[in-house]
Amino acid sequence: MGALTRAKEAIEQAERIAVLTGAGISAPSGIPTFRDPGGLWENFNIEDYATPEGFARNPEEVWRWYAWRYQKIREAKPNRAHELLAELERKKGDGFLLVTQNIDGLHQRAGSKRVIELHGSIHRARCTVCDYRTELPPPEELEIPPKCPKCGALLRPDVVWFGEPLPPGAFEAALAGFRSADLAMVIGTSALVEPAASLGRYAKHAGAFLIEVNPEETPLTPLADLSLRMGAVEGLSALLD
Ligand code: APR
């Protein structure tokens, strides 16, 4: 039996499936990744745009960057890969968990319900001082930099920057899902940013069948039972359609 056939059978039979996605799954929706050629980190400094120190130095510039990405994301549409994962969740029910590093909300827009956003959401802001949190208005109504209506302090994007902890409980819930999965899929992530990068490894060590979908090799590739050198749409179509 070929590896692809075995993987399809494993998906069919699995009662507990955990999926991790990264920027690559939204690339076919026109949203740039971070580390590919031409990716965001080639043109923007991580230290300036994705650290609390960078924000403290120049909140206006950081907000302008997030507002630009927010607008692009609002104009983007979920693609077939997002849809296939939402369909798989409907088929598998409570045994299905989707963990994403993406802040774009495209999984939810495609219909996924049980989604853990490890790195927050570009659609929200929170106060740098008090506990205020809010959905952002449409891009054209966003005043930069936005201020907290409760205490007047600066709002910040409700995302996780380098050096910051993940949202409370998010990684623990993700880890529990990956450790108890019969089958894990890791799609469109360079598997370089911890702790998300380790989730596939935890699942494999706990005995799960591990599938990776990525046009490039990653540090996870040698561990995978099947690593498809394909884009997310082509790979998930081959596995699930
Ligand atoms: N389908 C699937 N994968 C793709 C596609 C595609 N069409 N196009 C590119 N990829 C793969 C690339 O080969 C690469 O391995 O997607 C991956 C994107 O990697 P990164 O840009 O590093 O994105 P990600 O892994 O999500 O980054 C993790 O780093 O800076 C941060 O917080 C940000 O959540 C992000 C984290």
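This briefing describes charged and aromatic side chains in a predicted model. Local features need pLDDT of at least 70 and side-chain atom pairs count only at pLDDT 80 or more, while totals for chains, interfaces and linings use all residues. Residues are numbered from 1 along each chain as its sequence is written, and side-chain values use heavy atoms, with hydrogens and water left out. The structure holds 15 salt bridges and 9 aromatic pairs.

**Salt bridges**

- A salt bridge is a side-chain nitrogen of Lys or Arg within 4 Å of a carboxyl oxygen of Asp or Glu.
- One of them joins Asp158 and Arg126, at 2.8 Å from N to O. Asp158 belongs to strand 6 (residues 155–159) and Arg126 to strand 4 (residues 120–127), so this bridge ties together parts that are 32 residues apart in sequence. Helices (H or I, at least four residues) and strands (E, at least two) are DSSP runs, numbered from the N terminus.
- Asp158 is buried, with a relative accessible area of 5%, whereas Arg126 is partly exposed at 23%. Buried means under 20% relative accessible area, exposed over 50%, and partly exposed in between (1.4 Å probe, protein chains only).
- Glu117, Arg124, Arg126, Arg133 and Asp158 are linked in a network of salt bridges.
- Asp131 and Lys150 form a salt bridge with their closest N and O atoms 2.6 Å apart, and both residues are exposed.
- Glu164 and Arg156 are bridged at 2.7 Å, N to O; Arg156 is buried, at 7% relative accessibility.

**A buried lysine without a salt bridge**

- Lys92, in helix 6 (residues 80–92), is buried yet has no salt bridge. The nearest side chain of opposite charge, Glu12, is 5.7 Å away (Lys and Arg count as positive and Asp and Glu as negative; His and the chain ends are not counted).
- A polar atom of the Lys92 side chain lies 2.8 Å from the backbone oxygen of Ala14.

**Aromatic rings**

- Rings of Phe, Tyr and Trp (its six-membered ring) pair if their centres lie within 6.5 Å; planes under 30 degrees apart count as stacked, over 60 as edge-to-face and the rest as tilted.
- The ring centres of Trp41 and Trp65 are 5.7 Å apart with planes at 25°, so this pair is stacked. Trp41 lies in helix 2 (residues 40–43) and Trp65 in helix 5 (residues 59–75), 24 residues apart. Both Trp41 and Trp65 are buried.
- Trp65 and Tyr66 have ring centres 5.2 Å apart and planes at 85°, so they are edge-to-face.
- One aromatic cluster includes Phe34, Trp41, Trp65, Tyr66 and Trp161.

Technical notes: A polar contact is a pair of N or O atoms within 3.5 Å; within protein, one must be able to donate a hydrogen and the other to accept it, and residues adjacent in sequence count only if both atoms are side-chain atoms.
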